[in-house]
Amino acid sequence: MSNQSFEDETVRLKLAVDGVTVVDGEFRVEGQHNWIRLPLGLSSGRHTLTAESDTGATLEEPFQVPGDEARYAVVDYWVEDDSAELTWLFQRDPVGLA
């Protein structure tokens with residue numbers, strides 16, 4: 001998870017997987033590219049992620065966890081054109097900068 005918005009230096013984010021809250025805290029933008037790692041031990045199969053910010057941005061994403069391979073999910077908070085949004089990336093490799 002990361003706050004990528006210089007417009008909202010601190011944002012409160014809540015994240016749940018299958019209705020169970022796994023994150024509820026404040027995230028600072030700091031230098032912007034400061035992802036907070038939150039390892040989750042999920043069973044294989046289908047799951048649903050829901051996220052919301054204290055500024056009204058929401059996100060709901062279904063995803064599939066394979067039985068024998070790690071997956072990495074990234075939820076980023078942004079503000080563009082005075083509109084807050086949460087974006088989602090689900091991939092095989094950890095997040096990195098090019």
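In which sense do strand 1 and strand 6 pair? Strand 1 and strand 6 (residues 72–80) pair in the parallel sense, over 2 bridges. Strands here are DSSP runs of E, at least two residues long, numbered from the N terminus, and two strands pair if DSSP finds at least two bridges between them.

## About the model

This is a predicted model, in which local features need pLDDT of at least 70 and side-chain atom pairs count only at pLDDT 80 or more, while totals for chains, interfaces and linings use all residues. Residues are numbered from 1 along each chain as its sequence is written, and side-chain values use heavy atoms, leaving out hydrogens and water.

Within strand 6, Tyr77 stands opposite Asn3.

Val17 has Leu49 of strand 4 as its bridge partner.

Strand 4 is also joined to strand 5 by 8 bridges, again antiparallel. Gly45 has its bridge partner, Val65, in strand 5. These two strands form a hairpin with 4 residues between them, and Gly56 in the turn has a positive phi of about 100°.

## The largest pocket

Now for the open spaces. On a 1 Å grid over the protein atoms alone, a pocket is an open set of points with protein on both sides within 12 Å along at least five of seven lines, and its lining residues have an atom within 4 Å of a point. The largest pocket has a volume of about 710 Å³, meaning the space filled by probe spheres set on the points, which are joined across faces, edges and corners.

Its lining has 27 residues, with Leu38, Pro39, Arg71, Tyr72 and Ala73 nearest the centre. Strand 6 gives the largest share of this lining, 4 residues. By class, the lining has 24 nonpolar, no polar and 3 charged residues; Ala, Val, Leu, Ile, Met, Phe, Trp, Tyr, Cys and Pro count as nonpolar, Asp, Glu, Lys and Arg as charged, and the others, Gly among them, as polar.

Terms used: On a 1 Å grid over the protein atoms alone, a cavity is a set of points where a 1.4 Å probe fits but cannot get out, and a pocket is an open set with protein on both sides within 12 Å along at least five of seven lines; lining residues have an atom within 4 Å of a point.
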